[in-house]
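This report covers two topics.

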Amino acid sequence: MKLKIHRDGKEVSYMVLTKLSNGDIEIEFSETNSQYRGRGFASLLLNKAKAMADKMHRTLVTVIDPDKSGGLTYQQEFEWLIRHGFKSVREYEFEKHNYKSVMIRKACT
């Protein structure tokens with residue numbers, strides 16, 4: 001499933017969600033066009049994903065990957081997810097001095 005936000009007649013932000021085999025929902029990818037960053041579009045999409053997971057009584061799962069170009073840093077993304085109710089359940093070394101974190105947010109009932 002792809003959640004999208006359109007502005008000025010074009011898609012400016014999106015989030016890709018996948019249902020896992022246990023029924024939980026993984027946030028696979030999220031991106032906002034660089035011209036539209038800082039306006040809260042990713043947070044709006046994350047709020048939609050949280051509402052959907054809550055309605056389905058499912059956990060949201062995502063992995064923070066340090067290997068990115070542009071967008072938030074690893075630490076910024078980690079803190080952003082914490083502010084949105086996620087918890088780190090696993091952190092492991094990906095490459096020397098680079099880490100990945102598995103983050104989850106349990107459904108609100």
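The side chains of His84 and Ser43 are joined by a polar contact of 3.4 Å. The model is predicted. A polar contact also links the side chain of His84 to the side chain of Lys50, at 3.2 Å.

His84 sits in a loop, with helix H2 (74–83) on one side and strand E5 (87–95) on the other. Is His84 buried or exposed? Its relative accessible area is 15%. The cut-off for buried is under 20%, so His84 counts as buried.

Which residues does His84 touch, leaving aside neighbours within four places in sequence? They are Ser43, Leu46, Asn47, Lys50 and Arg105.

Now the strands. Strand E2 (residues 10–19) pairs with strand E1 (residues 2–7) and with strand E3 (residues 25–32). Both pairings are antiparallel.

| Strand pair | Bridges | Residues between strands | Residue with positive phi |
|---|---|---|---|
| E1 and E2 | six bridges | two residues | Asp8, about 55 degrees |
| E2 and E3 | seven bridges | five residues | Gly23, near 95 degrees |

Each pair forms a hairpin. In the E1 and E2 hairpin, Asp8 lies in the turn. Lys4 has Tyr14 in E2 as its bridge partner. Lys19 stands opposite Ile25 in E3.

Conventions
Residues are numbered from 1 along each chain as its sequence is written. This is a predicted model: local features need pLDDT of at least 70, side-chain atom pairs count only at pLDDT 80 or more; totals for chains, interfaces and linings use all residues. Side-chain values use heavy atoms; hydrogens and water are left out. Two strands pair if DSSP finds at least two bridges between them. Helices (H or I, at least four residues) and strands (E, at least two) are DSSP runs, numbered from the N terminus. Buried means under 20% relative accessible area, exposed over 50%, partly exposed in between (1.4 Å probe, protein chains only). A polar contact is a pair of N or O atoms within 3.5 Å; within protein, one must be able to donate a hydrogen and the other to accept it, and residues adjacent in sequence count only if both atoms are side-chain atoms. Contact means heavy atoms within 4.5 Å.
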